[in-house]
Amino acid sequence: MKTRSFVLAAFATAGLAMASVPALAQPIVIKFSHVVAENTPKGQGAIKFKELAEKKLPGKVDVQLFPSSQLFGDAKELEALLLGDVQLIAPSLSKFDRYTKKIQVFDLPFLFPNPEALDCFQDGPAGLALLDAMTRQGIKGLGYWHNGMKQLSSNKDQLKRPEDVNGLKFRIQASDVLEAQFRAVGANPQKMAFSEVYQALQTGVVDGQENTWSNIFSQKFFEVQKTIAETNHGVLDYMVITNAKWWDGLPADIRKGLTEAMNEATKFSNNMASEFDKRDRKLIADAGKAKIQALSAEDLAAWRKTMEPVWKKFESGIGIDLIKAAQKGCSK
Ligand code: LMR
């Protein structure tokens with residue numbers, strides 16, 4: 001039988017041993033919130049980032065994903081990031097109006113002819129500098145993620161020329177450039193959160209909207225629209241952003257691992273974007289619900305001519321040099 005002093009000695013030894021084992025550190029929780037479905041380039045990019053970050057930093061980070069506006073929708077996500085309620089978000093470049101006018105460059109209609117030109121601009125010095133355009137407001141850009149070119153859709157049979165949208169109501173993202181773009185074609189723009197668009201289209205609160213093939217497919221907009229015109233009139237891309245103070249306060253090894261994970265996830269997501277763009281256009285065409293309206297060169301020229309004057313209005317806020325750098329695209 002063990003004596004009381006033996007038991008006490010055993011506890012004391014165990015206590016000593018335990019004291020010499022460092023307490024297990026809790027992983028850093030990183031909440032990544034976004035507004036689209038998982039079955040989209042951004043949704044897949046976020047999943048890839050989680051996978052890579054947790055593999056590179058085992059036990060040190062716990063990346064929690066909140067797709068489809070589950071945690072925060074358009075109206076609240078930027079505020080939540082600044083308050084520290086979420087650590088990563090990836091709003092579309094159209095949603096930074098309140099924070100910097102420079103990023104409005106991405107919304108200028110018909111500025112980028114294709115996603116390759118956009119890539120060249122984003123990877124060049126002017127594009128990279130924009131990742132730091134909001135540091136004064138406490139926002140740090142970690143990278144650009146692609147979605148694709150925007151198409152126009154409406155609940156009418158005819159959607160070939162600007163006059164076909166005259167007087168129609170269009171849902172837009174919270175962007176003054178997009179508001180001016182729709183006013184230029186004689187339509188009535190209405191700023192609205194992404195999560196509300198399907199119902200607004202279904203109930204006729206708005207007649208149409210503009211978006212990429214992957215958003216039109218994953219949100220089922222094609223089921224409540226009659227025509228989708230292949231205008232490719234603008235881009236819809238994202239900036240993955242974080243709270244600058246939180247980021248700068250991370251231990252250096254964590255920041256390094258997260259940066260690597262973000263760079264790899266960016267490549268992955270951008271590859272997915274071009275795949276999803278083709279795939280979802282085909283799925284929409286095959287579904288046979290909304291008609292895909294092909295446009296002639298003359299039709300496209302009419303859209304361009306009506307929308308392009310919008311550039312002038314925003315030129316001074318954006319900066320002419322930035323517009324020129326964007327126009328240069330991939331040319332040397
Ligand atoms: C939209 O609001 O239409 C898009 O910005 C949604 C998104 O994140 O792709």
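User: Which residues in H2 meet H10?

Analyst: On the H2 side you've got Pro 41, Lys 42, Gln 44, Gly 45, Lys 48, Phe 49, Leu 52, Ala 53 and Lys 56. They meet Gly 257, Leu 258, Glu 260, Ala 261, Met 262, Glu 264, Ala 265, Phe 268, Ser 269, Met 272, Ala 273 and Phe 276 in H10. Contact here means heavy atoms within 4.5 Å, and helices are DSSP runs (H or I, at least four residues) numbered from the N terminus.

User: How do those residues divide by class?

Analyst: The H2 contact with H10 has 12 nonpolar, four polar and five charged residues. Nonpolar is Ala, Val, Leu, Ile, Met, Phe, Trp, Tyr, Cys and Pro; charged is Asp, Glu, Lys and Arg; the others, Gly among them, go down as polar.

User: Where do these numbers come from?

Analyst: This is a predicted model, with local features needing pLDDT of at least 70 and side-chain atom pairs 80 or more, while totals for chains, interfaces and linings use all residues. Numbering runs from 1 along each chain as its sequence is written, and side-chain values use heavy atoms, leaving out hydrogens and water.

User: OK, at what angle do H2 and H10 pack?

Analyst: About 150 degrees, for H2 (residues 41-56) and H10 (residues 252-287), with axes 8 Å apart. Axes are lines fitted to C-alpha atoms over the stretch in contact, and angles run from 0 to 180 degrees between N-to-C directions. So H2 is roughly antiparallel to H10, a label for angles over 145 degrees.

User: Switching topic: what surrounds the ligand?

Analyst: Val 35, Val 36, Lys 42, Ser 92, Lys 95, Arg 171, Gln 173, Phe 194, Asn 211, Asn 215, Leu 236 and Tyr 238, counting residues with a heavy atom within 4 Å. Lys 42 is also one of the H2 residues that meet H10.

User: How far is the polar side-chain atom of Lys 42 from the ligand oxygen?

Analyst: 2.7 Å. A side-chain N or O atom of Gln 173 is 2.7 Å from a ligand oxygen, and one of Asn 211 is 2.9 Å from a ligand oxygen. The polar contact cut-off is a pair of N or O atoms within 3.5 Å.

User: And H12 with H13, at what angle do they pack?

Analyst: About 115 degrees, with the axes of H12 and H13 (residues 320-328) 7 Å apart. That makes H12 roughly perpendicular to H13, the class for 65 to 115 degrees. Trp 311, Glu 315 and Ile 318 of H12 make the contact with Ile 320, Leu 322, Ile 323 and Gln 327 of H13. By class, that contact has five nonpolar, one polar and one charged residue.

Key
Helices (H or I, at least four residues) and strands (E, at least two) are DSSP runs, numbered from the N terminus. Angles under 35 degrees count as roughly parallel, over 145 as roughly antiparallel, 65 to 115 as roughly perpendicular and the rest as oblique. A polar contact is a pair of N or O atoms within 3.5 Å; within protein, one must be able to donate a hydrogen and the other to accept it, and residues adjacent in sequence count only if both atoms are side-chain atoms.
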